[in-house]
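Work through the exercises below with the structure at hand. Try each task before reading its solution.

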Amino acid sequence: MEPGRIVSKKPLGPDVTMYWVFAPDIARRRKPGQFVIVRIAGQGERIPLTIADADPEAGTLSLVVQSVGKSTRQMAMLEEGSSLQDIAGPLGTPTHIERFGTVICCGGGIGTAPLHPITQALHEAGNRVLTVLCARTAGLLVMVEEMGKVSDEVLVMTDDGSRGTKGLATDGIRIVAGRVPAVDHAFVIGPPVMMKFASAVTRELGIPTTVSLNPIMIDGTGMCGCCRVTVGGRTRFACVDGPEFDGHQVDFDELMRRLSAYRDQERSAMEHFEGGCMLTGSGGHGSEG
Ligand SMILES: Cc1cc2nc3c(=O)[nH]c(=O)nc-3n(C[C@H](O)[C@H](O)[C@H](O)COP(=O)(O)OP(=O)(O)OC[C@H]3O[C@@H](n4cnc5c(N)ncnc54)[C@H](O)[C@@H]3O)c2cc1C
Ligand code: FES
């Protein structure tokens, strides 16, 4: 079987799909916190996706992907047995795992997928893992069961109270932190605005915090400069220096400004893609907006 073949695929919720992709070299070498860059079709853009899990024996990787724009929609249309154009990795600096003591792992929406291998490694390293999973509404929660298997406790939060406790990620962090004598470290992965406010809370509570950043990436090798972020007043490249950084040092406002810089182009690529789908019914494979 050639690398990039989609071995299986299952929907996890509206617009969120889990894939198992054949990529034996990457499955063997990957470590928690690392990602791959995939191209869905010829001429397509390169998109970074975190390795949510791997099975070295079967030579497969699990990717959990939220359809937000043209390329992720195009990926959602690929069926089992079809192939990604290419897949490169593992990329990025692996997560620093040690026996901290008690850790909070907080995942927002699709951020739970990259948090899963980190939580698993922290649990295996002997940490007491208190997990907080949050989403706007119940249908947007992913991998709750999987996270339960690698955590000592799981607190589920939804903004609208449709599942678990009603409240935001920041409320969840305060709840679990208030239940134990001390929390030694927190890992927070989710949308930038959630990581920003969660980091403000952990700073107030005196909990060292690691976040995983999602700036726009192109080459993933530190050459293009596209993924630059400011951390502690220094320019860092998320693809090679990260994607994980000290949440108390990250300039989240700059990250959010840079993420919105291409909104017009992303919208027009999506419109072009959807227009192609409706005209040809083909899903626009191989086309590029
Ligand atoms: C290290 C890293 C790991 C990631 N892991 C996952 C994952 O496991 N699952 C998942 O669903 N998403 C993940 N993402 C985000 C994913 O790469 C983007 O959602 C995807 O590139 C969007 O492409 P699009 O063409 O569908 O949407 P577009 O219309 O191009 O963009 C939609 C949104 O995605 C963001 N985006 C666009 N291109 C990129 C890019 N090259 N890099 C980063 N963000 C981009 C933009 O801010 C934009 O708001 C990760 C991003 C990074 C940097
Ligand atoms: S993606 Fe090009 S430098 Fe990081």
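**Exercise 1.** In this predicted model, find which residue in the hairpin of β1 and β2 takes a positive phi.

Solution. Start with the two strands: β1 covers residues 6-13 and β2 covers residues 16-22. They run antiparallel and are joined by 6 bridges. Now look at the turn, where 2 residues lie between the strands. There D15 has a positive phi near 70 degrees.

**Exercise 2.** Work out the strand order of the open sheet of 4 strands, and explain why one side of β1 and of β5 is left without a neighbour.

Solution. Go on from β2 to β6 (residues 60-66), which is antiparallel to β2 and joined to it by 7 bridges. In this pair, F22 stands opposite T60.

**Exercise 3.** Describe the lining of the second largest pocket by residue, element and residue class.

Solution. This pocket has a volume of about 200 Å³. Its lining consists of 16 residues, with T95, H96, T210, E244 and F245 nearest the centre. Next, assign elements: β12 (185-189), β13 (209-212) and β16 (244-246) each give two or more residues. The largest share, 3 residues, comes from β16. Finally, sort by class: 6 lining residues are nonpolar, 7 polar and 3 charged.

Technical notes. Residues numbered from 1 in each chain as written. Chains lettered and ligands numbered in written order. Predicted model: local features only at pLDDT ≥ 70, side-chain atom pairs only at ≥ 80, totals over all residues. Heavy atoms only, no water. 1 Å grid on protein atoms, 1.4 Å probe; cavity = no way out; pocket = protein on both sides within 12 Å on 5 of 7 lines; lining within 4 Å. Points joined across faces, edges and corners; volume = space filled by probe spheres on them. Nonpolar A, V, L, I, M, F, W, Y, C, P; charged D, E, K, R; others polar. Pairing = 2+ DSSP bridges.
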